[in-house]
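Reader: I've got a few quick things to check on this one. Can you walk me through it?

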There are 2 protein chains.
Amino acid sequence: MKSEEIAKIAGVSRSTVSRVINNYSNVPEDTKKKVLDVITKYNYQPNTSARVLAGKKNDTIGLFIVSIADAFNPNRLYNNNYFTQFVDAVVECANARGYYVLVNIVYCENDYNKVSEVFLQKRIDGGIVIGTERDAEVLINVSKRGFPVALIDYDADEIKRNKSDNDNLIVIGSNDYDGAVSAVEHLIGLGHKDIGLLAGRLSTYSGRQRYNAFFDTMKKHGLNVNEEFVLHGDFIKSKTADEVNKLIQRRKLPSAIFSSNDDMAITAMDLFRESNIKIPEDISIIGFDNIPLSSLVKPALSTVSTPVYDIVDRAVTELISYIKRNKKGFTSFSYDAKMVMRDTCLRK
Amino acid sequence: MKSEEIAKIAGVSRSTVSRVINNYSNVPEDTKKKVLDVITKYNYQPNTSARVLAGKKNDTIGLFIVSIADAFNPNRLYNNNYFTQFVDAVVECANARGYYVLVNIVYCENDYNKVSEVFLQKRIDGGIVIGTERDAEVLINVSKRGFPVALIDYDADEIKRNKSDNDNLIVIGSNDYDGAVSAVEHLIGLGHKDIGLLAGRLSTYSGRQRYNAFFDTMKKHGLNVNEEFVLHGDFIKSKTADEVNKLIQRRKLPSAIFSSNDDMAITAMDLFRESNIKIPEDISIIGFDNIPLSSLVKPALSTVSTPVYDIVDRAVTELISYIKRNKKGFTSFSYDAKMVMRDTCLRK
DNA sequence: TTGAAAGCGCTAACAA
DNA sequence: TTGTTAGCGCTTTCAA
């Protein structure tokens, strides 16, 4: 069934059918109804490819989940707890606004080519990228070619510095630095002085922010950081386990740990438990992200919550407005991260 | 950049460029190389809409996650633990085979119309549907219109009965009945006689299978089912909590519970703990699905594992073969579910 | 082995 | 208010 047939049956021309489909104002009510009746009767739906080819938008946004852990430590599932929330939220927000979502997972550097392919093949009107590595200039290049791109968890300042005039970039994320400061200060307020850090991958924006916030805050409060207490989990489960096990074997523990994300914190909690180190009695721990699992784990993990839904909603809304209004330029948003006190921090 | 420009620069016609893009055999190596060089140099990618309009496939499959809990109990997030694994697996399998994935979530009966729209608008070459409600004939109608559809967790027998000749249906799932039988028999083998059931929504195929298996197995072993021990959680968190709380208040507990999924089992475990009912000492419990969370929870939940990845891989592979070879007809697959013994079942 | 030309189903300028 | 017509960028016959 194509518009021509609908036109014939309704006794009008293809143009009129097109006008009805696109809800143009210059169609009288009765003509409109006549056409609409036929459309409904035959369950007609316009061919998307034809519409797009004739100049309409695709009404599809691409969602790119970057899940490159490390060339030698491929470990995408670990990140899932955090990422899946985004997939869900993006699909929901986009669908609610009449947009479709094409989901792609970027497993390796090489997959970045696939990302630009999707844009260049005109499969989508714009894209949202989550978990971007620092070096992903491919994305910025794509945006320079005229495709709007929303980057989540990326260094807005760095982008702004490198930005050219003809990009279409939206950078959006949470204020991880301040969130991390409040977490560390919470521990300090509880009387902890020997505070350890379970650091995330420093090639990610959030990894760096949370790392810097930790050291800055310790310094600000005149507290020393024992190098043995700085563990590089890199957001990777196996690395985290290695580092935590080494710490346990040294038999000298910090009284509290700030972990750059919940996944690592939970891994650490498991290992501590296995070694009969009690949380929070023997060691306090606070995570970051407030993933669903963090409230289910026992004891429930204290953490810093990032407003995932708000971030996604903003990313989708903003992206769509770039698409629809052919908006250009650079926009950035930052949402506050808030502490969620649960059961893993105790006064020293 | 379009094929015509590439053609001009390479000194050939558009047809030749097209032949190169589509890897046709009747292009001599040097012509091919010449064209490919230009394509690479200008980073050319063919316009998908134009290709599809001219008769090519979309290379996109639709993934429809049906998450209708109940008109009065909208509770999609609860199902997430189970569904997100599918999204991840489908995207991975499809991407690996050169297919894109358009993800849609079906929140309500009305959303089924959106499903057929996606097909009729030719946005996808075929679709995978997960968590289908019994009454979703829309999907079967779509398949009758010539679009291949793969249904996961659906009653193959019922479909076969209603199938017409011109459908394109793939039904695939796990052998939930046998899986549930082995779980219940495991409890019985441990000496349990007062076994309770935490039942899922009976409008789902898996809900019914697990339910029937429970009663059949109890009967087969000559065991009575105490009606007070049959809880209708309906795969919904709040309902599950209500039912479990009521059970606890009655102060008469079964010695073991078979739960129709892990989510409900974990909810129950939390409530039991809060009431100082120890698992597995006071009550044994076994779940179903083997969601990631089930191994993280303390004590780790014994459960029945469904080969999610195999199921998805088969669904994607089969769907693609329907698409590529214009295969027609009905195909069904069933994968065995296997028990995973962990720490929530104890000898009575 | 290649090119010319028709056509895929729609939209949008232009004309009436 | 409506229809005619010319594309949109590709693939694919057909002919050379």
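Author: First, a convention: helices (H or I, at least four residues) and strands (E, at least two) are DSSP runs, numbered from the N terminus. This is a predicted model, so local features need pLDDT of at least 70 and side-chain atom pairs count only at pLDDT 80 or more, while totals for chains, interfaces and linings use all residues. Residues are numbered from 1 along each chain as its sequence is written, chains are lettered from A and ligands numbered from 1 in the order written, and side-chain values use heavy atoms, leaving out hydrogens and water.

Reader: Good. How much helix and strand is there over residues 1-55 of chain A?

Author: That span is 65% helix and 0% strand. Its end C-alpha atoms are 21 Å apart. UniProt lists residues 1-55 of chain A as "domain: HTH lacI-type", from an unreviewed entry. UniProt positions are given in the numbering used here, feature names are shortened, and annotations may be inferred rather than shown by experiment.

Reader: Which residues of chain A does "domain: HTH cro/C1-type" cover?

Author: Residues 4-45, again per an unreviewed UniProt entry. There the chain is 69% helix and 0% strand, with the end C-alpha atoms 12 Å apart.

Reader: And what does the domain assignment of chain A give?

Author: Domain 1 (3-46), domain 2 (60-175 + 308-337) and domain 3 (176-306). The bounds come from an automatic or database domain assignment. The centres of domain 2 and domain 3 of chain A, taken over C-alpha atoms, are separated by 28 Å.

Reader: On to the DNA. Which residues come nearest to DNA strand C?

Author: A:S3, A:R14, A:Y24, A:Y44 and B:R19, out of 27 around DNA strand C. A residue is near a strand if one of its heavy atoms lies within 4 Å of it. Sugar and phosphate make up 58% of the atoms of DNA strand C that come within 4 Å of the protein.

Reader: What lies 2.4 Å from a phosphate oxygen of DNA strand C?

Author: A backbone N or O atom of A:S3 does. A polar side-chain atom of A:Y44 is also 2.4 Å from a phosphate oxygen there. For A:N22, an N or O atom of the side chain is 3.0 Å from a phosphate oxygen of DNA strand C. The cut-off for a polar contact is a pair of N or O atoms within 3.5 Å; within protein, one must be able to donate a hydrogen and the other to accept it, and residues adjacent in sequence count only if both atoms are side-chain atoms.

Reader: Now DNA strand D. How many residues surround it?

Author: 26, the closest being A:S15, A:R19, B:S3, B:R14 and B:Y24. Sugar and phosphate account for 57% of the DNA strand D atoms within 4 Å of the protein.

Reader: Where do the bases of DNA strand D come in?

Author: A base oxygen is 2.9 Å from an N or O atom in the side chain of A:S15. A base nitrogen is 3.3 Å from a polar backbone atom of B:A50. On the phosphate side, the B:N22 side chain has an N or O atom 2.9 Å from a phosphate oxygen of DNA strand D.

Reader: Which elements supply the surface near DNA strand D?

Author: α2 (14-21) of chain A, plus α2 (14-21) and α4 (48-53) of chain B, each with at least two residues. By class that surface has nine nonpolar, 10 polar and seven charged residues. Ala, Val, Leu, Ile, Met, Phe, Trp, Tyr, Cys and Pro count as nonpolar, Asp, Glu, Lys and Arg as charged, and the others, Gly among them, as polar.

Reader: What rotation puts chain B on chain A?

Author: 180°, with 0.0 Å of shift along its axis and an RMSD of 0.1 Å. That is the relation of a two-fold axis. Copies are superposed by least squares on the C-alpha atoms of residues with pLDDT of at least 70 in both. 100% of the interface residues of chain B are also interface residues in chain A, so the copies meet through the same surface.

Reader: Is phi of A:D59 positive or negative?

Author: Positive, near 60°, and the residue is not glycine. A:D59 is in the loop between α4 and β1 (60-66) of chain A. Most residues other than glycine have a negative phi, and most peptide bonds are trans.

Reader: Last one. What does A:N326 touch?

Author: A:K57 and A:S321, not counting residues up to four places away in sequence. Contact means heavy atoms within 4.5 Å. A:N326 lies in the loop between α14 (308-325) and β11 (329-336) of chain A.
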